[in-house]
Amino acid sequence: MSEWKNIGSLLLEHGFIDDDGLKEGISLQREKGMRLGEALVELGKVSIDDINWVLSKQLDVPYVIVEDIHVNIDLLHKFQKNFLMDSRILPLYETEDEISIVTDDPLNKSAMEFIATSFEKKVNISTGSGRKIEDILKRSFKQVGLPELVGALSGIIDKIKDTSFYRLDFLLDERSCRINAFGVGVMKNMQEIKSHFTNEDVFRAFDELSIPFLYEQSFGSNSRFLAVFPVFNRGTMVKYPAIIGGFGLFCPETTTFADSHVNGISDVFPYQGPVPGYPYLATKGNQYDYESMIFTVDTVPAEFHDFYVNTWIPQKCPSCSGAGCPACRELGYEFEKIEGVYSSGDLKEKLKEGCHGKN
Ligand SMILES: [Zn+2]
């Protein structure tokens, strides 16, 4: 390739369009934020075939039938998803000194230079259908994305073990997955992954980590909200109503989750009664017995005087005042474990102290 031109000037040179056509194309391109080639096709000035002909003729770039391509997932991993999606580039393979890609826009000089510089290799370009490239990228990134989600999740769980976080919220939309942790007195944005995931992908990630869970889902206008309650530690059978706010603290063999919105593990039942506290658990077999309810709460229900408590009380990290530092695993809080029987008054004080403590 001797010189970088744009598709407009090439089409002009070969007589596919005239100056006025080019101007119309450029104004539609700006208006809709599309590519010039796409704009010219939309305006009926040229066909996709015209563009491919000009590109392969002028640039000596081979045209590739994209659906026959075997996707090299390892190579895909080396790129940022957004970069490939935005520039519609599908990397094909690499050798010691060359990397081969297919794109619908071989004139995208900055993208080609970016690849050449970051890999320190010569870039072999072929051209192919942009829509097909996009489809393949979307499909392939799903396969790439799941291990990324599993990795993120496992890191987050390591961080919030032994804290009062007990719920992970997943905000899922077409472009990203935001993960927030939520718990007694605390809420924290944990991570954002630039990938599209379904609820099933999230469930699969928990399955891969062998963590049983309960979940609740709702739908916003542009995103889905999925709240997941991991369930992987053993709870204790207690005679008091209990407050257990620790992450994954309760045991599915002895307790059930008493909330009709929540789904998941087979022993969930829809509780109809007016039970305060949210979310809450009941000892299995005694669903309607208040005395054996186990609550995980953010507020202390007024009905009960004494609680068995097994949780952590958050306190702003003294080293960073909540900003996040290595001492607090970037969480901004330190957690004091409390276990025992507390009166609701004591507990209210304790929670208040912890959440709004001196700092
Ligand atoms: Zn800190």
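This is a predicted model: local features need pLDDT of at least 70, side-chain atom pairs count only at pLDDT 80 or more; totals for chains, interfaces and linings use all residues.
1. Phe182 sits in strand β5, which covers residues 177-183. Its relative accessibility of 22% makes Phe182 partly exposed, because buried would require a value under 20%. Along the chain, Phe182 and Arg167 are 15 residues apart, yet their C-alpha atoms lie 5.2 Å from each other.

2. Which residues are the protein donors of the zinc ion? They are Cys317, Cys320, Cys325 and Cys328, each through its SG atom, at 2.2 to 2.3 Å from the metal. Along the chain these donors follow the spacing C-x2-C-x4-C-x2-C. The arrangement is tetrahedral because the four donor atoms around the zinc ion subtend angles of 103 to 112 degrees, and the criterion asks for all angles between 85 and 135 degrees.

3. How enclosed are these cysteines? Cys317 is buried at 1% relative accessibility. Cys325 has a relative accessible area of 12% and is buried, and Cys320, at 15%, also counts as buried. For anyone looking for disulfides, the structure holds zero of them.

4. Ser321 is worth a look while you are in this region. It belongs to the loop between β14 (306-316) and β15 (333-343). Its phi is positive, near 55 degrees, although Ser321 is not a glycine. Most residues other than glycine have a negative phi. Ser321 is partly exposed, with 44% relative accessibility.

5. Another positive phi turns up at Glu120, near 50 degrees, again in a residue other than glycine. Glu120 is found in the loop between α7 and β3. Is Glu120 buried or exposed? With a relative accessible area of 72%, Glu120 is exposed, because the threshold for that class is over 50%.

6. β2 (residues 98-103) and β3 (residues 122-127) run parallel and are joined by six bridges. Within this region, Glu98 stands opposite Lys122 of β3.

7. A pairing of the antiparallel kind links strand β4 (residues 165-172) with β8, over five bridges. Strand β8 spans residues 224-230, and six of its seven residues are buried, so the strand is largely enclosed by the rest of the structure.

8. Next comes Ser195, in the loop between β6 (186-193) and α9. What is Ser195 in contact with, leaving aside its neighbours within four places in sequence? The residues are Lys81, Gly145, Glu148, Arg175, Ser176 and Cys177.

9. Finally, helix α9 itself, which runs over residues 199-208. Its buried residues are Asn199, Asp201, Val202, Phe203, Ala205 and Phe206. As a reminder when you look at that list, an α-helix has 3.6 residues a turn, so residues three or four places apart point the same way. After α9 comes Ser210, with a positive phi near 55 degrees.

Definitions and conventions:
Residues are numbered from 1 along each chain as its sequence is written. Side-chain values use heavy atoms; hydrogens and water are left out. A disulfide is a pair of cysteine sulfur atoms within 2.5 Å. Buried means under 20% relative accessible area, exposed over 50%, partly exposed in between (1.4 Å probe, protein chains only). Helices (H or I, at least four residues) and strands (E, at least two) are DSSP runs, numbered from the N terminus. Donors are N, O and S atoms within 2.8 Å of the metal (3.2 Å for Na, K and Ca); water is not among the atoms, so sites may look incomplete. Four donors count as tetrahedral if all angles lie between 85 and 135 degrees; four count as square planar and six as octahedral if opposite donors are over 155 degrees apart and all others between 65 and 115; anything else is irregular. Two strands pair if DSSP finds at least two bridges between them. Contact means heavy atoms within 4.5 Å.
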